[in-house]
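Subject: Structure for you to look at

Hello,

Here is the structure I promised to pass on. Please open it next to this email and follow along; my notes come after it.

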Amino acid sequence: GELASMTNALDRSGSSATQTTQIEQARATADVLAAMEASKRWPRTESVCETKMIEACKRPLVAERAFWSFRRSGELITGSTIHLMRTIGAIWTNFQWGYAELGRDDDTGLSQMVAWAWDLEQNTRTSAGVLVPHFRDVTDKSTNKKRRVKLDTMRDVQDNNANIVARRVRTMIANLLPDWY
């Protein structure tokens, strides 16, 4: 069935892939199948998840990092943080999320990223591609004007990519969790 079709796809792609890539693809396939099997064997109990979520949200560290806010054009904008979404996503069980860098072009200063979330029990998945420029907006303190600064170190680019894509991961998690939760 599903394992055979995935294995065949790996075999077909193997001619141009390195042995390391083939091993990684096989490992990733095994991880996915194991997670799907585990979700069938140990399904979530929604009432238990809800109780654990409420208890987690009572913890000061979770509560302090649960929401963000800032002013844009005089209006207060608020929402849940990635910290809160990761916390309640982990409690939901049989639920995964993450991101990957698909490509990076240092010459043009742009990274291609993808953010995703997956409810293994419902077999529903959502993802979003993100183009992340290798720039940071900064405000000049003397003129109070914004300007863009090019990121020129590997660490700055990686941190910027992770920061930008984390917002999309937060949205992907929120898109799959039930509204009542």
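Is Asn 144 buried or exposed? Asn 144 counts as exposed, at 63% relative accessibility. The cut-offs are these: buried means under 20% relative accessible area, exposed means over 50%, and partly exposed is in between, with a 1.4 Å probe and protein chains only.

Before the rest, some ground rules. This is a predicted model, in which local features need pLDDT of at least 70 and side-chain atom pairs count only at pLDDT 80 or more, while totals for chains, interfaces and linings use all residues. Residues are numbered from 1 along each chain as its sequence is written, and side-chain values use heavy atoms, with hydrogens and water left out.

Two loop residues

Asn 144 lies in the loop between β6 (135-140) and β7 (145-150). Helices (H or I, at least four residues) and strands (E, at least two) are DSSP runs, numbered from the N terminus. The phi of Asn 144 is positive, about 60 degrees, although the residue is not a glycine. Thr 93 is another residue other than glycine with a positive phi, near 65 degrees. Thr 93 is placed in the loop between α5 and β3 (95-105), and at 31% relative accessibility it counts as partly exposed.

Aromatic rings

A pair of aromatic rings is described by the distance of the centres and the angle of the planes. Rings of Phe, Tyr and Trp (its six-membered ring) pair if their centres lie within 6.5 Å; planes under 30 degrees apart count as stacked, over 60 as edge-to-face and the rest as tilted. Searching the whole structure gives 5 aromatic pairs. One of them is Trp 68 with Phe 70, a stacked pair at 5.6 Å centre to centre with 20 degrees between the planes. Trp 68 is partly exposed at 24% relative accessible area, and Phe 70 is partly exposed at 35%. The rings of Phe 95 and Trp 97 have centres 6.1 Å apart and planes at 45 degrees, so this pair is tilted. Phe 95 is buried, at 8% relative accessibility, whereas Trp 97 is partly exposed, at 23%. Trp 92, Trp 180 and Tyr 181 make up one aromatic cluster.

A ring can also have a charge over it. This applies if NZ of Lys or CZ of Arg is within 6 Å of the ring centre and within 35 degrees of the ring normal. Here the charged end of Lys 150 sits over the ring of Phe 135, 5.8 Å from the ring centre.

Nonpolar cores

In soluble globular proteins, nonpolar side chains tend to be buried together. A nonpolar core is a set of buried Ala, Val, Leu, Ile, Met, Phe, Trp, Tyr and Cys residues joined through side-chain atoms within 4.5 Å. The largest one here has 27 residues, and those with the most contacts inside it are Ile 88, Phe 95, Ile 173, Leu 177 and Tyr 181. The elements giving two or more residues to this core are α3 (46-57), α5, β4 (110-119), β5 (124-133) and α6 (154-176). Helix α6 provides the largest share, 7 residues. A second, separate core has 5 residues, including Ala 35, Trp 116, Trp 118 and Leu 120.

What does Ile 88 touch? Not counting residues up to four places away in sequence, Ile 88 is in contact (heavy atoms within 4.5 Å) with Met 53, Cys 57, Leu 177 and Tyr 181.

Ile 91 is in helix α5 (residues 82-92) and is buried, at 15%. With neighbours within four places in sequence left aside, Ile 91 contacts Cys 49, Lys 52, Met 53, Ala 56 and Tyr 181.

Met 172 belongs to helix α6 and is buried at 6%. Met 172 and Thr 126 are 46 residues apart in sequence, but their C-alpha atoms are 6.1 Å apart in space.

Helix α2

The buried residues of α2 are Thr 29, Ala 35, Met 36 and Ser 39. Ser 39 has a relative accessible area of 5%. A polar atom of its side chain lies 2.8 Å from the backbone oxygen of Met 36. Beyond residues up to four places away in sequence, Ser 39 touches Asn 94, Leu 120 and Glu 121.

Regards

Terms used
A polar contact is a pair of N or O atoms within 3.5 Å; within protein, one must be able to donate a hydrogen and the other to accept it, and residues adjacent in sequence count only if both atoms are side-chain atoms.
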